[in-house]
Each structure stands twice: as structure tokens, then as C-alpha cells.
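Let's take a friendly walk through this protein model. Have a look at it first, and then we'll go through some of its side chains together.

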Amino acid sequence: MQNLNNLQALKVPPHISSKTPHKDIQKKSAHTPRFYQPITTHKQNIQGSSWEVIYNHIAYYFRVEHAYVELGIGVFWIHKDDILGVMKCLHSLGYEVLSDMSAIDKLANNGYFEMFYQLQSLHSGFADKRRLRIKCVLRENEQIASISSVFSLALWSEREAYDMLGIIFANHPNLTRLLMPRDWVGHPLRRSYPLQGDEHASWYEIDKIFGKEYREVVGPEQRDSARVDENDRGSFACIDELGKESEGLYMQASKAIFVKNLSQAKKKILQRRK
């Protein structure tokens, strides 16, 4: 049993190398105070908690590297090679719902993904230990077993993690992209992926529809989410010099089937709700 004093080891597990070529290139908030320190949540020892009986079942067959209670959820850290066996064991104990699963990209700082699996039991006897979270670390060049044979929801969640983060799930029956086109290059939720996309993203539509020879003719797509064009009068986000809505917000069409025509001359500001 690991006590609370050993929880600091979670920051960089001993078997994970901190040397990595990845670089965090995402934009950072300019409004965060210079000396801001995030408030960490309290972690309670698993001993004496409602999850201790679950811990004893898991620890009998598998190595549990860390275990604690955080925000009313039992959290177990295991080795990534034990994920399928642990999931089968927890399913047999009564945790029959996989409500969420994904990963946190910590490649730039620590050299690994932090995998997490959120389980839930609907049995009445589990009211005091309803939710359980399984965590493990996964290096970029490693694979992890698919748990889709135990929880069918993982069929979709694992495909999303593969698509967005590039994580390989061994023995998944159809490990293909879920959100991005199948010929997309890169994984958009990695911190090393540019917010505006790389060269493949900038020219994807042009190359796909017209061909690369038309790049100079059409030009790259504007993908900067922070760009504001004050001369754009057709955008619903457009604000004029006086801070009032521009004409672009109003429909001047002669007929509208589903939306009532709005005229800027007839607009009225209500002082209070009716």
C-alpha cells in the first residue's frame, strides 16, 4: 500500500524518461498572473475508504502502483500491460459502465501520455463507491491493449484517442480515424500540433479538390482563430466603432420563411424582461 507521501512520484514515474524531442507550441494565455499556482485537490488514503475492498481485489492479482480517493472518486494507478486484465476484474466486480476514457498529452514535459478510464457502477450496493478511475502511463512508441472486448464504448473512445492523439490500441477491431478524414496527417489534440494546423492542414482542401498545382492560384485557407477583420460586415461577431451591432446582424431579405424579418430602423431595446 502506498501512502500519501509517495503521491509525489506521480509527476514523473521512475520508469519514464523525461528526455523527449516534443515541444509544447500551443498559445498560452496572456492573462494568467505571473505567480499563479493552481490549487491541487486533496487526495485521501485508500485505506479506510469505501474503495479499499475494490483495491484488495485488484491488488491480489495485479500491481497497483498508487491508490487514493480524489473528489469522491477512487483512483488506481496500474501498469499499462495490466489494463485489460484489470478491466475484466472490475467488470466482474460490478463496474459495468465505461463512461469516459482518453489521455492527457504530457510528451513535452514528461515523455508520456497519461491514460485514464472512468468507470461507474449502477448497483445499489455501490452507492458509497459509485465511480472509479483507472490510470496508467504510456510512452509515445508504446501500444496499449484495447478494452473494447469488455466495454463496447471503447470501440469509439479508442478510435477517437487514436485519431486525435495517435495512440495505438492493440487488437482493436477497426482502429481507424473517427473525426478527421482518413488521409489526414498528424493528430490535432497533441500539444505539439499547431493551433492553425501544419502545411498539410493549410492546403488539405485545395490539394483534395483542385490539386497541388492550384496552391498559388487559390491561396491557403485562413485558419487563425484569433484573427479579427474589422471590415467584415457579414459576420455575426462583427462590432462597429460605437460598440453596437453592425448591419450584418439584421436580415434585410424581402421574405423569410422561418425567421421573422428584422429591420434596423424598427429595432427596440427592452428595459426589462416581459
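## Salt bridges

Start with D81 and K80, whose side chains meet in a salt bridge at 3.0 Å, N to O. (A salt bridge here is a side-chain nitrogen of Lys or Arg within 4 Å of a carboxyl oxygen of Asp or Glu.) D81 counts as exposed at 56% relative accessibility, whereas K80 counts as buried at 14%. Those words have cut-offs: buried is under 20% relative accessible area, exposed is over 50%, and partly exposed is in between, using a 1.4 Å probe and protein chains only.

By this rule, the count comes to 10 salt bridges. Another one of them joins R177 and D163, at 2.5 Å from N to O. R177 sits in the loop between β8 and α4, while D163 is in helix α3 (residues 154–165), so this pair ties together parts that are 14 residues apart in sequence. (Helices are DSSP runs of H or I with at least four residues, strands are runs of E with at least two, and both are numbered from the N terminus.) Both R177 and D163 are buried.

Residues are numbered from 1 along each chain as its sequence is written, and side-chain values use heavy atoms, with hydrogens and water left out.

The chain averages a pLDDT of 81, and 72% of the residues score at least 70; pLDDT is the predictor's confidence in each residue, from 0 to 100. It stays under 50 over residues 1–18, and pLDDT is also under 50 over residues 240–253. Where pLDDT is low, the predicted coordinates should not be read in detail.

## A lysine over a ring

K129 has a salt bridge with D128 (3.5 Å, N to O). K129 also lies over the face of F126, at 5.1 Å from the ring centre. (That takes NZ of Lys or CZ of Arg within 6 Å of the ring centre and within 35 degrees of the ring normal.) K129 is buried at 11% relative accessibility, but D128 is partly exposed at 43%.

## Around H172

H172 is in the loop between β8 (168–170) and α4 (199–202), and it is buried, with a relative accessible area of 11%. Beyond its neighbours within four places in sequence, H172 is in contact (heavy atoms within 4.5 Å) with residues including S146, L155 and E158.

Terms used. Predicted model: local features only at pLDDT ≥ 70, side-chain atom pairs only at ≥ 80, totals over all residues.
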